[in-house]
Amino acid sequence: MSYEYSENILVQQAAADILEQLGWQTIFAYNEETLGENGTLGRKNYHQVILSRYFRQALFQNNDWMTEEYASQAEKTLIAHSSADSLLQTNRQKHDLIKNGIPVDFKKPDGTTEKRNAAVINYAEPHKNTY
């Protein structure tokens, strides 16, 4: 199949063009991504679906109480899944976490803990989100 009629040109590039018009940043990294912390997307390997660099940045921007420990806890919660759940169930759970916040065990100054939801998306100021 010629490149002009490939999936990239007919679907992916057209979708990327629309997203760019809406102010989103797009990167077509297929076969061109450099892996590593300072790589193209900051992924350690091709199996990593959470872009930790941007995810953690959002956590710190949206939660004034965020620390490295809480960010790691939130990331582990988001990545975790049950093999007993269907793909649909897993997607709904992840959507809920991203939409409503990821529960984190926050340690208060008196030593007790409370659950806090770590916001991933800034709904009050959407222009501050990375798209």
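1. F106 has E114 as its bridge partner in β2. Strand β1 (residues 102-107) and strand β2 (residues 113-118) run antiparallel and are joined by 6 bridges; two strands are taken as paired if DSSP finds at least two bridges between them. The hairpin of β1 and β2 has 5 residues between the strands, and there G111 takes a positive phi near 95°. Helices (H or I, at least four residues) and strands (E, at least two) are DSSP runs, numbered from the N terminus.

2. On the source: this is a predicted model, in which local features need pLDDT of at least 70 and side-chain atom pairs count only at pLDDT 80 or more, while totals for chains, interfaces and linings use all residues. Residues are numbered from 1 along each chain as its sequence is written, and side-chain values use heavy atoms, with hydrogens and water left out.

3. The largest pocket holds about 670 Å³ of space. A pocket here is an open set of points on a 1 Å grid over the protein atoms alone, with protein on both sides within 12 Å along at least five of seven lines; lining residues have an atom within 4 Å of a point. The volume is the space filled by probe spheres set on the points, which are joined across faces, edges and corners. Of the 21 lining residues, L51, Y54, F55, T130 and Y131 lie nearest the centre. Helix α2 (residues 52-62) gives the most to this lining, with 6 residues. By class, the lining has 14 nonpolar, 6 polar and 1 charged; Ala, Val, Leu, Ile, Met, Phe, Trp, Tyr, Cys and Pro count as nonpolar, Asp, Glu, Lys and Arg as charged, and the others, Gly among them, as polar.

4. The second largest pocket has a volume of about 310 Å³. It is lined by 14 residues, with V49, I50, L78, I79 and K94 closest to its centre. Two or more lining residues come from each of α3 (68-79) and α4 (87-100), and α4 gives the most, with 5 residues. This lining divides into 6 nonpolar, 6 polar and 2 charged.

5. There are 7 salt bridges in the structure, each a side-chain nitrogen of Lys or Arg within 4 Å of a carboxyl oxygen of Asp or Glu. One of them joins E75 to R56, with the closest N and O atoms 2.9 Å apart. This pair links distant parts of the chain, E75 lying in helix α3 and R56 in helix α2, 19 residues apart.

Methods: On a 1 Å grid over the protein atoms alone, a cavity is a set of points where a 1.4 Å probe fits but cannot get out, and a pocket is an open set with protein on both sides within 12 Å along at least five of seven lines; lining residues have an atom within 4 Å of a point.
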